Amino acid sequence: MPRIVVGGAGAIGASIAYHLALAGAEDVVLVDRDTVGSGATSKAMGGVRQQFSTAAEVRLAQESIRFFEELGPPFFDQVGYLFFATTAAGLADLEARRHVQVGLGVPVQRLDPGEIAETAPGVAVDDVVGGVFCAEDGVADPSAVTRELVRRAVELGVDLLERTALDEVEADIAVVACGPHSGEAAKRLGAEVAIRPLRRQLIETGPVPGLHEALPMTVETETGFHFRRRGDRLILAMADARPRWGEEETVDESVLGDRLERLRARFPAAGDVEISRAWAGLYDMTRDAHPVIGWLGEGVYAACGFSGHGFMQSPAVGRAVAEELLNGQSELDLTPYRPERLADATGSEEEVVL
Amino acid sequence: MLKGALAAAVTPLRDGGEALDEAPFGAYVEFLATAGLDGVLALGTTGEGILLHPDERRRAAELFVASAGERLDVAVHCGAQTTRETIALARHAAETGAAAVAVIGPPYYPLDEQALLAHFSAAAQACAPLPFYLYEFADRSGYAVPVSVIERLREQAPNLAGLKVSDAPFDRFSPYLLEGLDVFVGPEALIVEGLERGAAGAVSGLASAFPDLVGELVRNPSRATGKRVAAVRARLQALPFQAALKRTLARRGVPLAEAVRAPLRGLTADERRDLDTFLDGDTI
C-alpha cells in the first residue's frame, strides 16, 4: 500500500487523514509544521452553511452538515444562518440567492422583520426590511472538531508528526492541505499552486447578559458584519474595507471601536460589553475564490485554497479526497475544483462549465 | 396566444461562441419549465439572435420547440436586417411548430412609416395564421416604431396578437398599451406597473437565468418585489449580460458554456469572481 502523507493538520488535513484511515488506508501520516489545528483552523469563525450556488458546493455542504450533526454539541450547534437586509437592494440579492439555493434543494426560507426578531432573539430589527434563514446551518468549534478528527484518525492507526514539514517525510503521495502556506509547501515538492494569503480578523466580546442559545449566525448583508454566539460571548467579524494581503497576522486595532459600535446597535443587550480579545488569521485565497482539489503533479495532490470556507466543507472534502486517492474517484463531484482551471493566467475560461 | 411569464432565453453556444451547442437545449428548457414559466422567447436580444447565422437561428428554433414540447410556449424572434431574411425565418418558425413569432424593427437604417409597415406586414403574413408580435425596443432598433404603424398593421395583419415592449422608462412604454393587443413587458423594472395597466405578461431577459424570481413577480406582482427584481437585473446588466446569465445557469446546474458570439464578450476573471460572490454571498 502506498504511503500517503497529509500535510497540514488543520480542519482539511485532519478530515482527509481520518477518512483515509476510515476507508482502510494503512500507511497514512499526518504532519503539521506546527501543531494540530494551530493555523487558520484555530482562528476561524466556525460558521457552517449550505447556502451556495452550485449543486457541487451544496452537496459538499450538505454532506458536511450531516457529519457535523452526528458530532453534535458541543462540536456543532445547529442554530441556523440568518442573512438580513436593511435596503431593498440587499434584500434583492438575498431573494435572488434564495431562489438559486431553493432550486438546488437548500431549505432556505424568507423571513419578515417580525420573524427575524423571533428567530434571532436580541437582534434589533427596526431598520431591517427582511431576510432569509436556513435552519439546518449552524456554528461549530473548528479547533475542537479538528482535534476530535485527529484523535479518531490516530486511533485508526494514522501516524501524527507535529513540527514536521510535508517535504521532510518520504511519501508516495503527498497531500498539500497547508491552507495559506500551501503555495510554499507545494513548491518544496516541486509543484505549483497559486494561493494568496489574505488576513481577516475576529473579535470576541466579554460575557453578554441573557444571550439566547438559539441565536443563529447573524449576517448583515449590506455590510457583511456578522456575529455568532460562543458560550456566553459573541464573536464578530466584518471584511476589511481594503483586503489585507500577506502572511502577517497582526490585528488592525483601528476598526475595533467601529465593530463594537455596530454590535451595540444591532444587539442592544451588548450595550455595555467590551472587547475581550481580537485575533487575525489567514484565508487561503485562489483567484476565483473556489478551492483547488486534485493532482498538481506526480505524487502531489492539493486540497487547499478554500478561500474562507474550508472548515465548513472539511468533512465532505476529506471523504471525497480519501475516496479519490484510494479508489481513483469519488462519488462527490470535485470537477469544479481542479487545479487546471487556474493555469490560464489570461482568465479566458469560456469553455469551462462550472 | 402567449400569456404570463416568458424568459427571453439565452442561446447555448460553444467553441468560444462560434458554434451552436445543441446538447444543453433539453436541460435548459427543462430548467425553465420546472421553474414554472409559461414560455420562452428564443433568439431575442438576450438570445443573441441577430448575431447568429440564419441556419443557426433555424436550428436553434427547432431545438427550442422540440425540447419544449407541450410544457412551454416557444415564441421565436425572427427579426433580421432584411425583409427577405425576416420572412424566411418567420415562415420557418411557423413550420417548426412555434407558438408565435416576434420581430424587431430592423436596426441600422432609419425607416419611415411606409417602410416599417411593409416590413412588419410581410413578416406577419409569412407566419400567418400564427400569432405575430411586434418587438418594440427603440434603443436597439435605433428608432421607436410609431403607434400609427401598429394601428395600420392591425388592419393588414389579422394575426398581429400584440407586442413585446422593452422601452423604458414608463412614459416611453405606456403609449404601446393599446386596446385589444397583448403587451408583454420587457424591462423588469416596469413589470409591476405594466401589469397594473393591462399588460398581458412579461418577456424577461433576467428570467433566462432567474425564472423562479421573475415568474413569482409576474404571478404575484408587488412594488417591493418588482424593485428587488429590477435591482438584480441592474446587477447582472453591469456585467457582460449574456455571459453572466450563462455562467449563472451553469452554476445552477444547466450544463452550458459561458461562450457568447463576438463582438459580445465573455467575463473577465474579476467579473466572474464578482458574479460568483453575488450568487454565493460573501465568505461568511
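Analyst: Buried area is the accessible area (1.4 Å probe) that two parts lose on being put together, summed over both. Between chain A and chain B it is about 3,100 Å², with carbon and sulfur atoms giving 53%. This is a predicted model, in which local features need pLDDT of at least 70 and side-chain atom pairs pLDDT 80 or more, while totals for chains, interfaces and linings use all residues. Side-chain values use heavy atoms, without hydrogens and water; residues are numbered from 1 along each chain as its sequence is written, and chains are lettered from A and ligands numbered from 1 in the order in which they are written.

Chain A contributes 41 residues to the contact and chain B 34, contact meaning heavy atoms within 4.5 Å. Four salt bridges are counted between the chains (a side-chain nitrogen of Lys or Arg within 4 Å of a carboxyl oxygen of Asp or Glu). One of them joins A:Arg110 and B:Glu216, at 3.0 Å from N to O.

Helices are DSSP runs (H or I, at least four residues), numbered from the N terminus. The axes of H4(A), residues 88-103, and H10(B) come within 8 Å and cross at roughly 80°; axes are lines fitted to C-alpha atoms over the stretch in contact, with angles from 0 to 180 degrees between N-to-C directions. H4(A) and H10(B) are therefore roughly perpendicular (65 to 115 degrees). Their contact includes A:Leu91 and A:Asp93 of H4(A) and B:Arg228 and B:Val232 of H10(B). B:Val232 also takes part in the contact of H10(B) with H9(B).

Terms used: Helices (H or I, at least four residues) and strands (E, at least two) are DSSP runs, numbered from the N terminus. Angles under 35 degrees count as roughly parallel, over 145 as roughly antiparallel, 65 to 115 as roughly perpendicular and the rest as oblique.
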